[in-house]
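Open the model in your viewer and keep the selection tool ready.

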Amino acid sequence: MEQTTKRRVGVRRLMKHLSDYWLNDFSFVTLLVALVFTVFILPVLIEYGHVSLLFVNLVFVFLFFTGIWSSDNRFLIFLTTSLFVLQLGLRILRFSDLPVEFYLWERVVGLVNMGVFIFVNIRLLFRNNEVNLYRVIGAVNVYLLVAILGAFGFEVIHLLIGSSISGVTDLSVANKLVGLDEDFSTYIYFSLVSLTTVGFGDFTPVNIMSKMLAVFLSTIGILYPAVVIAKLVGYSTNK
């Protein structure tokens, strides 16, 4: 009985430490490192086959796990925890020996989870009406999270209707897109190209759903920096 009590106290302390850390402004730096790896390095490793799909999924599970501790609102904690457990269960099911998987539902849940994670980080970014270097890093984090959200969106569209983007300069690449983990490098690339409004033209959306998503990302890419900069400058001026 006493040993059980000690374990419970230890678990509570661990949860308290996790919550205190991810609610601290310095956690923006840790999240930035994870996002830079996910957005810019992981796609290269996937493309050249240097990482397993299990590792790729563990990276996303880590991002979703941090979302649980990034809010002190009970409803958001319940929501992020529920989505994380559901997401984890679906991914474990896919990598298990069982002959069933729900890949589409896994991706839909991941899309919702990422949307909630973005909302949670926006709340952290603008809490207490403060501005500092960590808050600027937090703004960059939200921008990269939107890029990942866009990549998930293109993947879900592909799974739903069979296509989302197509390569213009290299059709062989486009024909290989199947909407699975292996395609993340292409989806995150096109998501970033749309978000930054660069528009290289090597990939284009092929249906109305992917076109609207690309336009949405371009709109966010234009408006988000202006709104965030104005907000942070306003906080600094008022202070």
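Select residues 74–95: this is helix α4, with 22 residues. Helices here are DSSP runs (H or I, at least four residues), numbered from the N terminus. From first C-alpha to last, α4 reaches 31 Å, close to the 32 Å expected at 1.5 Å a residue (1.5 Å times one less than the number of residues). This is a predicted model: local features need pLDDT of at least 70, side-chain atom pairs count only at pLDDT 80 or more, and totals for chains, interfaces and linings use all residues. Residues are numbered from 1 along each chain as its sequence is written, and side-chain values use heavy atoms, without hydrogens and water.

Next, show N73, which caps the N-terminal end of α4: one of its side-chain oxygens lies 3.0 Å from the backbone nitrogen of F75.

Then turn to the cavities, sets of points on a 1 Å grid over the protein atoms alone where a 1.4 Å probe fits but cannot get out. There are two of 30 Å³ or more. For the largest, about 40 Å³, select W22, S27, F28, L31, T66, S70, F117, N121 and L124, which line the cavity; lining residues have an atom within 4 Å of a point.

Finish at the second largest cavity, with about 30 Å³ of space. Select its lining: F60, R107, F152, E155, L180, D181 and F184.

Notes
On a 1 Å grid over the protein atoms alone, a cavity is a set of points where a 1.4 Å probe fits but cannot get out, and a pocket is an open set with protein on both sides within 12 Å along at least five of seven lines; lining residues have an atom within 4 Å of a point. Grid points are joined across faces, edges and corners, and a volume is the space filled by probe spheres set on the points. Helices (H or I, at least four residues) and strands (E, at least two) are DSSP runs, numbered from the N terminus. A polar contact is a pair of N or O atoms within 3.5 Å; within protein, one must be able to donate a hydrogen and the other to accept it, and residues adjacent in sequence count only if both atoms are side-chain atoms.
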